[in-house]
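Welcome to this short tour. Please open your viewer, load the model and get ready to select things one stop at a time.

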Amino acid sequence: MAAASFTVRAESASAIATIRCCSAQDALLTANAYLRLGAACVSIETPGGQRMSPDRLDALLNDSGGRIGL
């Protein structure tokens with residue numbers, strides 16, 4: 001059985017990247033790295049299928065003390 005993963009999708013004018021991460025924190029770090037590199041759009045999909053922005057995931061992590069059950 002595979003571990004639940006977060007999927008980060010980043011898009012720019014010339015490329016699309018999809019990366020799977022093992023934790024919410026890793027997904028947030030990956031998303032922020034793509035934003036710093038100039039991605040036009042970055043979204044994160046949770047193991048439960050919810051799509052959200054990096055800002056929303058960051059807020060959820062801060063509110064939950066770093067533990068999140070999505």
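Which pattern does the protein follow when it is read along the sequence? The pattern is β-β-α-β-β-α, and the secondary structure comes to two helices and four strands. Here helices (H or I, at least four residues) and strands (E, at least two) are DSSP runs, numbered from the N terminus.

Before you click, two notes. This is a predicted model, in which local features need pLDDT of at least 70 and side-chain atom pairs count only at pLDDT 80 or more, while totals for chains, interfaces and linings use all residues. Residues are numbered from 1 along each chain as its sequence is written, and side-chain values use heavy atoms, with hydrogens and water left out.

**Stop 1: the whole chain**

Show the surface. Its accessible area comes to about 4600 Å², of which 51% belongs to carbon and sulfur atoms; such areas come from the Shrake-Rupley method with a 1.4 Å probe, and for residues only the protein chains shown count as cover. Of the 70 residues, 29% are buried. Buried means under 20% relative accessible area, exposed means over 50%, and partly exposed lies in between (1.4 Å probe, protein chains only).

**Stop 2: the paired strands**

Select strand β1 (residues 6-11) and strand β2, which run antiparallel and are joined by six bridges. Two strands pair if DSSP finds at least two bridges between them. A hairpin takes you from β1 to β2 through four residues. Click Arg9 and you will find its bridge partner in β2, Thr18.

**Stop 3: Ile19**

Ile19 sits in strand β2 (residues 16-21). Is Ile19 buried or partly exposed? Ile19 is partly exposed, because its relative accessible area is 31%. Leaving aside neighbours within four places in sequence, Ile19 is in contact (heavy atoms within 4.5 Å) with Phe6, Thr7, Val8, Thr30 and Tyr34.

**Stop 4: helix α2**

Select residues 54-63, which form helix α2, and colour its buried residues Pro54, Leu57 and Leu61. Why do they line one face of the helix? Seen down the axis of α2, the buried residues fall within an arc of 65 degrees, so they line one face; the arc is that of the directions from the helix axis to the C-beta atoms. An α-helix has 3.6 residues a turn, so residues three or four places apart point the same way.

What do these buried residues pack against? Their partners are α1 (24-36), β3 (41-45) and β4 (51-52).

**Stop 5: the salt bridges**

Side chains of opposite charge can pair when their charged atoms come close. A salt bridge is a side-chain nitrogen of Lys or Arg within 4 Å of a carboxyl oxygen of Asp or Glu, and by this rule the count comes to two.

- Show Arg9 again, together with Glu11: their side chains meet in a salt bridge at 3.0 Å, N to O. Arg9 is partly exposed at 35% relative accessibility, and Glu11 is partly exposed at 30%.
- Then show Glu45 and Arg51, whose side chains meet at 3.3 Å, N to O. Glu45 is partly exposed at 26% relative accessibility, whereas Arg51 is exposed at 66%.
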